[in-house]
Amino acid sequence: QKVFSSLQRDRKIKKVYLTLTNKPVPIGLHVHWMWSPLLARGETAGPPCQFVSHTPPASRRKARQSWTRCVLEVTKSEPINIHKYDGHTYDPMDLPHYQSTVRLVTGRKHQVRAQLSSLGSPIVRDTLYQPIAGLTLDKLGDAEDDSEESMDDAVAKCRIPKEPIGLQAHAILFGGVKARARTPWWGDGTKKNF
């Protein structure tokens, strides 16, 4: 994992995801911080979801000890038509949908899901991160805010998804070779089978 992350950071491997959300995802580079103790493999303490902070830790020492820097780039976020019964069981209702292209700069467990949720654009069907949409660790401790209670209430609603979520590892580029996935389960926005 460390070798893969290093190659990704040095841009020798490019990993691209497609996401489906109900709100547009802000275009650009997004840097967040995850609490490191929860990223350890096999770690079971704390909630199954990852909260992020939009602000860096106060000191470099704290950053190295307890925080992991997470970086992704959203290169595109466009409206897409999702049609009911178009080869999936998802009911789009009358909600708007956006397909975004996301390039990982760092590769962390649940990174795309956690970062998009913190930006207020959680992934469709992601019952683990939708309840905590817009909540971040840097909001904790605000005397005027009841964010700790809000976070506790939101975490209580987090559930591991039972259906495919709107996230697809879409392409990987390594050593000049590009591997690309098929059309995601939600389609490409053009078909309409009734």
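## A buried arginine and its partner

Let's start inside the fold: Arg113 has a relative accessibility of 13% and therefore counts as buried, where buried means under 20% relative accessible area, exposed means over 50%, and partly exposed lies in between (1.4 Å probe, protein chains only). Its side chain meets that of Asp126 in a salt bridge, at 2.8 Å from N to O. The term salt bridge stands here for a side-chain nitrogen of Lys or Arg within 4 Å of a carboxyl oxygen of Asp or Glu. Arg113 sits in helix α3 (111-118) and Asp126 in the loop between α3 and α4 (147-157), so the pair ties together parts that are 13 residues apart in sequence. Asp126 is buried too, because its relative accessibility is 0%.

Helix α3 also holds Leu116. With a relative accessible area of 0%, Leu116 is buried. Leaving aside residues up to four places away in sequence, Leu116 touches Thr19, Val25, Ser121, Pro122 and Ile123; contact means heavy atoms within 4.5 Å. Thr19 is 97 residues from Leu116 in sequence, yet their C-alpha atoms are 9.3 Å apart in space.

## About the model

This is a predicted model, in which local features need pLDDT of at least 70 and side-chain atom pairs count only at pLDDT 80 or more, while totals for chains, interfaces and linings use all residues. Residues are numbered from 1 along each chain as its sequence is written, and side-chain values use heavy atoms, with hydrogens and water left out.

## The chain as a whole

The chain contains 4 helices and 7 strands, and their order along the sequence is α-β-β-β-α-β-β-α-α-β-β. Both kinds of element are DSSP runs numbered from the N terminus: helices are H or I with at least four residues, and strands are E with at least two.

Of the chain's 194 residues, 42% count as buried. Among contacts with a separation of 6 or more, 71% link residues 24 or more positions apart. The chain exposes about 11,300 Å², and carbon and sulfur atoms supply 52% of that area; accessible areas come from the Shrake-Rupley method with a 1.4 Å probe, and for residues only the protein chains shown count as cover.

## Strand β6 and its neighbours

Strand β6 (residues 167-174) pairs with β1 and with β7. Strand β1 (residues 13-21) runs antiparallel to β6 and is joined to it by 7 bridges, while 4 bridges join β6 to strand β7 (residues 177-180), also antiparallel. Two strands pair if DSSP finds at least two bridges between them. Ile172 of β6 stands opposite Lys15 and also opposite Ala179 in β7. β6 and β7 form a hairpin with 2 residues between them, and Gly175 in the turn has a positive phi of about 60 degrees.

The side chain of Gln168 reaches the backbone oxygen of Arg182 at 2.8 Å. Not counting residues up to four places away in sequence, Gln168 touches Val16, Tyr17, Leu18, Ala181, Arg182, Thr183, Pro184 and Trp186.

## More charged pairs

How many salt bridges does a search of the whole structure find? The search finds 4. One of them joins Glu73 and Arg103, whose closest N and O atoms are 3.1 Å apart. Glu73 lies in strand β4 (residues 67-79) and Arg103 in strand β5 (residues 98-104), so this pair ties together parts that are 30 residues apart in sequence. Glu73 is partly exposed, with a relative accessible area of 25%, whereas Arg103 is buried at 10% relative accessibility.

Lys84 and Asp91 form another salt bridge, with 3.6 Å between the closest N and O atoms. Lys84 counts as partly exposed at 30% relative accessibility, and Asp91 counts as partly exposed at 33%.

## Cysteines

A search of the whole structure finds 0 disulfides, a disulfide being a pair of cysteine sulfur atoms within 2.5 Å. For Cys158, the nearest cysteine sulfur is that of Cys49, 3.7 Å away, and Cys158 is in no disulfide. Cys158 counts as buried because its relative accessibility is 6%. Cys70 is buried as well, at 0% relative accessibility.

Definitions and conventions. A polar contact is a pair of N or O atoms within 3.5 Å; within protein, one must be able to donate a hydrogen and the other to accept it, and residues adjacent in sequence count only if both atoms are side-chain atoms.
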